[in-house]
Number of protein chains: 2
Amino acid sequence: MGPLASAQFMLRLTLLTPAEQDQDHIPAVLWSDPRVPDRTAARLAGGEDPLPWLARGIAGLQAAGARAIAIPCNTAHGWYDELRATTELPILHIVDAAAEDLRRQGIHSGRVGLMATAGTLAMRLYQPRLEALGYEVIVPPPAEMQSLVSPGIALVKANRVAAAYIPLAEAARNLRDRGASAVVLGCTEIPLGILAGPYAEIGVPMVDTIDALALAAIGWAKA
Amino acid sequence: MGPLASAQFMLRLTLLTPAEQDQDHIPAVLWSDPRVPDRTAARLAGGEDPLPWLARGIAGLQAAGARAIAIPCNTAHGWYDELRATTELPILHIVDAAAEDLRRQGIHSGRVGLMATAGTLAMRLYQPRLEALGYEVIVPPPAEMQSLVSPGIALVKANRVAAAYIPLAEAARNLRDRGASAVVLGCTEIPLGILAGPYAEIGVPMVDTIDALALAAIGWAKA
């Protein structure tokens with residue numbers, strides 16, 4: 001959906017795969033349709049329903065021979081159950097992948113910050129799943145969503161990743177200052193902005209949901 | 001084919017597109033099948049024919065709704081005519097895209113270096129097309145193909161882009177020293193290695209055939 005996030009997913013799927021030659025890599029088909037209506041606008045403002053577009057993508061991938069589906073867009077997971085009903089293929093869930101990545105980083109409980117689109121936050125896509133695993137989830141206050149997170153995401157969608165770093169890093173630092181022992185970058189545009197600047201200076205472990213989903217896909221392919 | 005080159009093509013297709021939001025980007029489907037038999041081995045050593053695999057990819061893309069085909073693998077263009085016969089879709093030619101990029105960089109004639117796979121060199125994919133446009137084409141000598149270019153390409157296919165920089169940059173410098181006013185990176189793995197090091201120090205204009213093909217695709221989509 002976010003085409004830069006989709007391309008980055010393919011890049012990370014390749015780089016994270018142990019390989020010595022082309023033929024060791026994982027066959028994959030990417031359906032990159034940036035015309036899918038805005039997911040947050042659909043959820044919060046009565047915008048056009050993205051479900052038919054998402055279902056068309058899954059049908060196209062299935063026709064192309066895909067055996068499992070990964071959707072490198074967090075907000076689209078608000079339609080996960082409806083999409084599951086349209087296909088017999090397994091659909092990897094990005095929140096499960098993020099939780100697995102928290103555990104991979106040695107973070108098994110406590111307070112974690114969540115940065116995401118307003119749509120993802122409103123749908124509470126992450127909270128019940130992470131709370132069931134023993135985490136406490138904090139999110140940016142509405143004023144910071146409006147002044148930092150949402151503008152940062154929009155900058156990435158306009159290819160301005162370096163400019164996106166500034167507001168996104170500030171929102172992540174604020175979550176750290178409020179006691180988060182890790183921050184989940186729960187919108188796949190966010191890691192693209194964070195990685196475009198000196199991200200280590202933010203000073204908190206982060207879950208890149210592009211990488212987390214790529215690792216889940218590699219795990220599926222190798223199993 | 002080279003999955004890292006394919007992913008990089010999607011990334012550059014996105015970043016080179018003028019866009020303010022998701023919906024301004026170009027809908028695209030990527031068929032990334034790293035199982036396609038090695039193109040150079042097929043051409044030079046009687047390896048398995050990649051044509052059925054390539055044709056299957058084009059058929060899959062056509063079924064997914066693609067209206068034009070771009071193949072971010074130079075050596076695969078050795079099967080260009082056979083592939084054209086399998087589809088009514090236009091197939092952008094990577095050598096035309098590279099020539100257009102030379103002109104975009106203000107290089108209209110004279111000696112240009114060509115780095116490519118042994119297969120691409122043996123097929124003389126570039127020479128007749130560039131010579132018809134008024135260029136003189138020089139290539140690395142066989143000893144450098146064996147010690148620098150081919151190992152550099154193999155390192156990229158194994159995800160070792162930083163290690164690939166050293167031999168690839170040396171081969172490019174040698175072409176510059178032999179009088180090339182520009183070097184065409186005529187294998188899409190090569191720019192990935194070159195970009196992983198201090199490429200500006202090589203001191204010669206280069207044509208990145210991933211970017212050249214992405215720009216040709218954007219031009220097609222906008223026309």
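Tutor: What follows is a set of questions on a predicted model, each settled by setting a value against a cut-off.

Student: Why is D33(A) called buried?

Tutor: The label needs a relative accessible area under 20%. D33(A) has 7%, so D33(A) is buried.

Student: What makes R35(A) partly exposed?

Tutor: Partly exposed is the range between buried, under 20%, and exposed, over 50%. R35(A) stands at 43%, so the label is partly exposed.

Student: What makes K157(A) and E189(A) a salt bridge?

Tutor: Their closest N and O atoms are 3.3 Å apart, and the limit is 4 Å, so the pair counts. K157(A) lies in helix α8 (residues 142–157) of chain A, and E189(A) in the loop between β4 (183–185) and α10 (190–194) of that chain, so the pair ties together parts that are 32 residues apart in sequence. Both K157(A) and E189(A) are buried.

Student: How do you know that the salt bridge between D22(B) and K157(A) joins two chains?

Tutor: The closest N and O atoms of D22(B) and K157(A) are 2.8 Å apart. D22(B) belongs to chain B, in the loop between α1 (3–15) and β1 (28–32), while K157(A) is in helix α8 of chain A, so the bridge joins the two chains. Both D22(B) and K157(A) are buried.

Student: Which residues are joined into one network by salt bridges that share partners?

Tutor: D22(A), R39(B), K157(B) and E189(B) form one such network.

Student: How do you know that E20(B) is exposed?

Tutor: Exposed means over 50%. E20(B) has 56% relative accessibility, so E20(B) is exposed. E20(B) is found in the loop between α1 and β1 of chain B. Leaving aside neighbours within four places in sequence, E20(B) is in contact with A154(A), K157(A) and A158(A).

Student: How far from E20(B) is E88(B)?

Tutor: Their C-alpha atoms are separated by 33 Å, and the two residues are 68 apart along the chain.

Student: What makes up the interface of chain B and chain A?

Tutor: 36 residues of chain B are in contact with 36 residues of chain A. The two chains bury about 3000 Å² between them, 57% of it on carbon and sulfur atoms. D22(B), P34(B) and N159(B) supply 19% of the area that chain B buries against chain A, more than any other three residues. The size of an interface is often given as the accessible area lost when the parts come together.

Student: Which polar links cross the interface of chain B and chain A?

Tutor: The rule finds four salt bridges there. It also finds 17 residue pairs in polar contact, both residues at pLDDT 80 or more. On the side of chain B, the elements that give two or more residues are α1, β1 and α8 (142–157). α1(B) gives the most, with eight residues.

Student: How is chain A divided into domains?

Tutor: The domain assignment gives domain 1 (3–93 + 212–222) and domain 2 (94–211). Their centres, taken over C-alpha atoms, are 20 Å apart. The contact takes 24 residues from domain 1 and 32 residues from domain 2. The two domains of chain A bury about 2100 Å² between them, 61% of it on carbon and sulfur atoms. N74(A), H93(A) and A212(A) supply 36% of the area that domain 1 buries against domain 2, more than any other three residues.

Student: Why is the pair D211(A) and R12(A) called a salt bridge?

Tutor: The closest N and O atoms are 2.9 Å apart, and the limit is 4 Å, so the pair qualifies. Across the interface of the two domains of chain A, the rule finds one salt bridge.

Student: Which residues touch the most other members of the largest nonpolar core?

Tutor: Of its 122 residues, they are M115(A) and M115(B). Beyond four places in sequence, the contacts of M115(A) include P140(A), V149(A), L168(A) and I190(A).

Definitions and conventions:
Residues numbered from 1 in each chain as written. Chains lettered and ligands numbered in written order. Predicted model: local features only at pLDDT ≥ 70, side-chain atom pairs only at ≥ 80, totals over all residues. Heavy atoms only, no water. Core = buried A, V, L, I, M, F, W, Y, C linked by side-chain atoms within 4.5 Å. Buried < 20%, exposed > 50% of the residue type's maximum accessible area, 1.4 Å probe, protein only. Contact = heavy atoms within 4.5 Å. Salt bridge = Lys/Arg side-chain N within 4 Å of Asp/Glu carboxyl O. Helix = DSSP H or I, 4+ residues; strand = E, 2+ residues; numbered from the N terminus. Domains from an automatic or database assignment. Buried area = accessible area lost by both parts, 1.4 Å probe. Polar contact = N/O pair within 3.5 Å; in protein donor to acceptor, adjacent residues only side chain to side chain.
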